[in-house]
Amino acid sequence: MPAAPDPAEIFERAVAEGKRRLDQSMLELVATSFIAGFTVVFGIVALGIVHAVVEPQFGELAKVAGALAFGPAVVFLIVGRAELFTENFFDPLAAAFDRSDSWMVSSLVRLWSVTFVLNLAGGALMAVVFSVDGALPPGTGHALRATATEIVARGSMAEFADSIAGGVLVTLLSFLLAASDSVGTRASMAYVVGFLLALGPFDHVIVTMLHVLFGLLFGADISIDAFLVTTAIVTAGNLVGGLGIGTLTHLAQAKGAKEASE
């Protein structure tokens, strides 16, 4: 079995992948971001379907079953190289660290802003499609509505803490993907992270916003103010966890290993 790459090698791989992402044409970036948005919706819907089926018989175990059902959506994202917000923190920032100039900064802003907006646009489109009466099995709408209500009912600090954890977890996935050469290994890691995200639940801003949107589409009593506040808290937490904790510490580790080897 080949040895795992050291942090310095992982950093070099991340730089190469980050440059690829930053160099995408606008058309490619828009398309891959839109694809990521509607792809992750299949995980949300699968979670709702399984939760609705399992809960009457097994109660709280429905949360575990739903999380297991959500996992494949992250596999689709990673294997298909779709562009999901926060999942694209580590690699592009590694490239920016490797080449510090104003072009890199503007490229990061373009990448993250386009990804955020188009993830939501693609996800919202599929959410509307699935909200058509009879499109989903009986009970699914109730399960999705209950999840959305639970999300916005959490206290601000709890939501912020969960979103920090979500940001760290997704960044950890990016780091581990840079260490892997096998599609099977990448898919396995993506599935585990998807399962953990849903099990927590550890908030990812796109997934959380689409969960709440589903709740609204299925009649949840959620105000627009509550939706916006939740979005702001989870976005801030993802930035703290994904950039401040996950990305910067991994970059420091890789830079330190690189300096030690020189």
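Helices, in what follows, are DSSP runs of H or I with at least four residues, strands are runs of E with at least two, and both are numbered from the N terminus. Good morning, colleagues. The structure before us is a predicted model, in which local features need pLDDT of at least 70 and side-chain atom pairs count only at pLDDT 80 or more, while totals for chains, interfaces and linings use all residues. Residues are numbered from 1 along each chain as its sequence is written, and side-chain values use heavy atoms, with hydrogens and water left out.

I begin with the loop between α3 (61-79) and α4 (90-98), where Arg-81 is found. Arg-81 is not a glycine, yet its phi is positive, at about 55°. Thr-86 lies in the loop between α3 and α4 as well, and it too has a positive phi, of about 80°, without being a glycine. Is Thr-86 buried or exposed? Buried means under 20% relative accessible area, exposed means over 50%, and partly exposed lies in between, with a 1.4 Å probe and protein chains only. Thr-86 counts as buried because its relative accessibility is 2%, whereas Arg-81, at 42%, counts as partly exposed.

The peptide bond joining Gly-200 and Pro-201 is cis, with omega about -10°.

Let us turn to the interior. A nonpolar core is a set of buried Ala, Val, Leu, Ile, Met, Phe, Trp, Tyr and Cys residues joined through side-chain atoms within 4.5 Å. The largest one here has 69 residues, and those with the most contacts inside it are Phe-70, Trp-112, Ile-206 and Phe-214. Helix α5 (residues 102-130) supplies the largest share of this core, 11 residues. Contact means heavy atoms within 4.5 Å. Setting aside residues up to four places away in sequence, Trp-112 touches Phe-85, Asn-88, Phe-89, Leu-93 and Leu-243.

Next, helix packing. Two packed helices are described by the angle between their axes and the distance between the axes. The axes are lines fitted to C-alpha atoms, for helices over the stretch in contact, and the angles run from 0 to 180 degrees between N-to-C directions. Angles under 35 degrees count as roughly parallel, over 145 as roughly antiparallel, 65 to 115 as roughly perpendicular, and the rest as oblique.

How do α7 and α8 pack? Helix α7 (residues 156-178) meets α8 at an angle of about 175°, with the axes 10 Å apart, which means that α7 is roughly antiparallel to α8. On the α8 side, the residues in contact include Met-189. Met-189 lies in helix α8 (residues 183-199) and counts as buried, at 18% relative accessibility. Beyond its neighbours within four places in sequence, Met-189 is in contact with Leu-173, Leu-176, Leu-177 and Ser-180.

Finally, helix α9 has two partners to consider. Helix α6 (residues 140-153) and helix α9 (residues 205-217) pack at about 125°, with axes 7 Å apart, so α6 is oblique to α9. Helix α2 (residues 26-58) packs with α9 at about 60°, with axes 10 Å apart, and α2 is therefore also oblique to α9. In this second contact, Gly-37, Val-40, Val-41, Ile-44, Val-45 and Leu-47 of α2 meet Val-207, Leu-210, His-211 and Phe-214 of α9. Phe-214, then, joins this contact and is also among the residues with the most contacts inside the largest nonpolar core.
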